[in-house]
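Hi everyone, thanks for coming.

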Amino acid sequence: MDPSCGNCWTNPKKDSWKATLLLAYQSLGVVYGDLSISPLYVYKSTFAEDIHHSETNEEIFGVLSFVFWTLTLVPLFKYVFIVLRADDNGEGGTFALYSLICRHAKVSLLPNQQVADEALSTYILEPPPTTKNSSRVKAVLENHKSLHVALLILVLLGTCMVIGDGLLTPAISVFSAVSGLELSMSKDHHQYAMVPITCFILVCLFALQHYGTHRIGFFFAPIVLTWLLCISALGLYNIFHWNHHVYQALSPSYMIRFLKKTRKGGWMSLGGILLCITGSEAMFADLGHFSHAAIQIAFTFLVYPALILAYMGQAAYLSRHHHTIHKIGYYVSVPESVRWPVLVVAILASVVGSQAIISGTFSIINQSQSLGCFPRVKVIHTSEKIHGQIYIPEINWMLMILCIAVTIGFRDIKHMGNASGLAVMAVMLVTTCLTSLVIILCWHKPPLVALCFLLFFGSIELLYFSASLIKFLEGAWLPILLALFLVTIMFVWHYTTVKKYEYDLHNKVSLEWLLALGPSLGIARVPGVGLVFTDLTSGIPANFSRFVTNLPAFHRVLVFVCIKSVPVPYVPPAERYLVGRVGPAAHRSYRCIVRYGYRDVHQDVDSFESELVSRLLEFIRYDWYKAHGGIMDVRKEEEEEGAGSTSECRLAVIGTVSLSAFEMEDEAEPASVSVGFQTVDSVSDIVEIGVPERRVRFACETEVQVQVQEEVRDLYEAQQAGIAFILGHSHVRAKQGSSVWKRLAINLGYNFLRRNCRGADVSLKVPPASLLEVGMVYIV
């Protein structure tokens with residue numbers, strides 16, 4: 001898999017209008033599947049109990065007016081015109097907004113962050129203008145730790161609601177599509193057939209997930225396009241055949257009449273109306289797969305008109321058929337001659353919409369895991385060519401079981417709609433709050449602009465959210481219960497992970513202790529490469545000192561490996577590895593920091609081993625010639641956190657471009673390195689950072705060649721002897737005097753999750769024969 005491939009579907013010529021139109025077409029199947037099938041259940045959920053269809057048509061026209069303006073204000077104005085601009089290097093979603101905020105203000109709670117991370121090419125920061133109010137908001141956020149925690153909880157809440165949507169959307173989508181059978185079957189047969197058929201389709205849908213979206217994805221866009229054309233044609237037919245004056249209901253005055261007549265019932269019915277924007281968040285969440293223009297064109301010129309025509313057509317039909325009061329649904333407005341083909345297309349479209357939200361659930365859980373906010377789970381990459389296509393077995397089967405349980409338990413679109421509506425509005429509220437912070441901190445707009453955005457769209461979403469919340473006992477309890485459960489799990493995991501890091505930071509061993517180890521103390525160096533995994537970016541971890549204490553030997557070549565996440569979506573492969581020495585060259589000890597973004601694909605163990613050794617070889621050649629070839633004034637790299645001692649060498653970014661200056665015998669394929677966190681095409685001529693246009697050239701002296709070849713030979717021999725992975729096997733306990741809640745969270749909650757989730761060795765796919773685990777007890 002090519003990790004540099006950021007977008008799943010994009011064409012290199014993204015700027016050409018043909019490529020944009022192709023992307024707009026492809027986005028139909030990935031982005032708009034969920035949103036396009038909402039006409040199947042909006043009217044049915046709205047008229048379930050709270051209001052009734054009458055001869056005056058004020059109810060149906062009022063609902064149509066609400067649907068039109070909700071679709072116009074939220075998906076069109078908010079998402080297409082505003083929120084899509086708040087992308088993080090082309091990526092969208094809750095974590096993209098949080099990542100942007102963390103880079104522009106020091107509010108991140110992620111451990112082991114470094115100044116060197118800010119030099120990444122994807123770590124884009126624009127110089128802020130001198131706006132007093134913006135800097136005041138930033139200072140308030142940075143100076144109050146409680147606001148950092150509140151922001152993280154808000155992000156986790158939005159994440160959990162997305163997961164809840166991934167549970168509810170397949171159930172309500174497929175159930176609504178299958179409900180069309182009620183017009184072709186007797187009531188008794190329909191009652192006993194619909195739930196089993198829905199469950200069967202759901203089982204098939206989840207069972208096919210391990211094949212990956214890319215294998216059946218080329219069917220998605222034609223299915224959704226066919227469905228959109230179908231509902232548009234049926235909408236036009238119903239408008240001209242039944243009531244061509246229905247367009248008058250688009251006036252906002254009908255909303256006022258509707259609320260005056262229905263009062264509390266009309267307000268409660270908003271919980272059904274809001275389902276018309278289900279799936280709008282996907283436009284932003286799936287932004288990384290497409291371009292802004294493609295998503296804007298697809299929605300503005302196809303999806304939006306098709307949905308408006310579909311809702312207008314249903315309203316036109318119902319305005320002339322008041323006897324259908326107990327059968328309000330999409331299929332009653334479909335002519336009988338085409339009902340079966342429409343049913344088939346609807347079921348296929350519901351599967352496409354469900355597939356998109358399931359894939360999105362896998363993606364957001366993987367992001368949460370990479371940022372230390374979710375227990376480790378097995379992530380399988382289903383495509384070698386398409387970046388970001390993943391499958392998580394444990395989550396897949398849990399979602400399937402819960403989906404089937406929701407279908408069997410509710411057996412009613414009304415309750416499913418109440419649950420789904422609350423989850424959708426909660427996600428949108430979180431997006432609105434985070435976007436308002438992005439407007440201030442990242443776009444550097446006056447706080448008044450952000451406040452207007454927050455009040456305008458927040459008030460609309462709060463209105464709908466309150467209408468869903470009032471139906472707590474009628475299904476809305478499910479996403480709330482699920483969110484509380486997941487937020488608790490994620491926050492406990494993140495909190496304890498941070499505490500473990502702080503314990504490691506306070507108990508790390510000095511470099512002098514490592515250098516003092518030798519034969520005089522009964523310590524032997526054995527052949528091989530020892531990879532000591534740690535979260536620390538400087539110092540010697542406590543688990544290594546414990547390892548040496550119990551087993552007085554360590555490997556000839558020692559590498560302290562830190563695999564860390566940075567608040568960017570992707571880290572370019574050329575900037576991923578930070579490599580440096582630990583002690584003098586003769587000690588053969590190194591530090592390697594491997595940086596991943598929250599959407600990056602982690603390498604498997606085989607490619608990681610070879611890549612790591614290759615980077616060490618490049619660093620060895622670079623370091624020797626840097627020290628002895630005349631480069632004396634090159635800028636010092638950024639100091640790592642906690643590195644008070646200067647005896648630990650600075651780190652260099654090791655890139656992947658060809659290196660022509662180092663041509664030696666028996667060396668691996670040469671590659672280039674970059675100094676000062678800049679990428680250079682050749683190291684034979686390096687422009688020193690901070691020294692304008694002054695060039696230096698490496699002097700390949702015989703003595704240096706011998707020393708380099710000796711160190712390279714030692715590394716090769718150690719690699720041939722074998723690579724051992726030294727990992728900590730931790731048990732965490734709350735320290736004496738901790739509160740009851742802390743003891744419950746750590747002693748019970750975290751340790752239960754740790755025992756029942758994937759271990760670090762499984763996540764890294766370490767061969768059991770190469771694994772050395774060091775038991776550690778953390779008292780936090």
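By buried I mean under 20% relative accessible area, while exposed is over 50% and partly exposed is in between, using a 1.4 Å probe and protein chains only.

Before going on, some housekeeping. This is a predicted model, where local features need pLDDT of at least 70 and side-chain atom pairs count only at pLDDT 80 or more, while totals for chains, interfaces and linings use all residues. Residues are numbered from 1 along each chain as its sequence is written, and side-chain values use heavy atoms, with hydrogens and water left out.

Okay, back to Glu59. Its side chain meets that of Lys261 in a salt bridge, at 3.0 Å from N to O. Glu59 sits in helix 4 (residues 58-80) and Lys261 in helix 11 (residues 253-262), so to speak distant parts of the chain, 202 residues apart. A salt bridge here is a side-chain nitrogen of Lys or Arg within 4 Å of a carboxyl oxygen of Asp or Glu. Helices (H or I, at least four residues) and strands (E, at least two) are DSSP runs, numbered from the N terminus. The idea behind the pairing is simple: side chains of opposite charge can pair when their charged atoms come close.

How many salt bridges does the structure hold? There are 15 salt bridges. Another of them pairs Asp117 with Arg595, with the closest N and O atoms 3.4 Å apart. Asp117 lies in the loop between helix 5 (94-104) and helix 6 (132-143), and Arg595 in strand 6 (residues 589-596), so this pair ties together parts that are 478 residues apart in sequence. Both Asp117 and Arg595 are buried.

Then there's Arg588 with Asp714, where the closest N and O atoms are 2.9 Å apart. This pair also links distant parts of the chain: Arg588 is in the loop between strand 5 (577-582) and strand 6, Asp714 is in helix 23 (residues 702-721), and they are 126 residues apart. Arg588 counts as buried at 10% relative accessibility, and Asp714 as partly exposed at 23%.

Now, cysteines. Cys592 is buried, at 0% relative accessible area, whereas Cys433 is partly exposed at 30%.

Last stop: Gln314, in helix 14 (residues 292-318). Gln314 is buried, with a relative accessible area of 2%. Which residues is Gln314 in contact with, leaving aside its neighbours within four places in sequence? They are Pro39, Tyr43, Gly329, Tyr330 and Ser333, where contact means heavy atoms within 4.5 Å.
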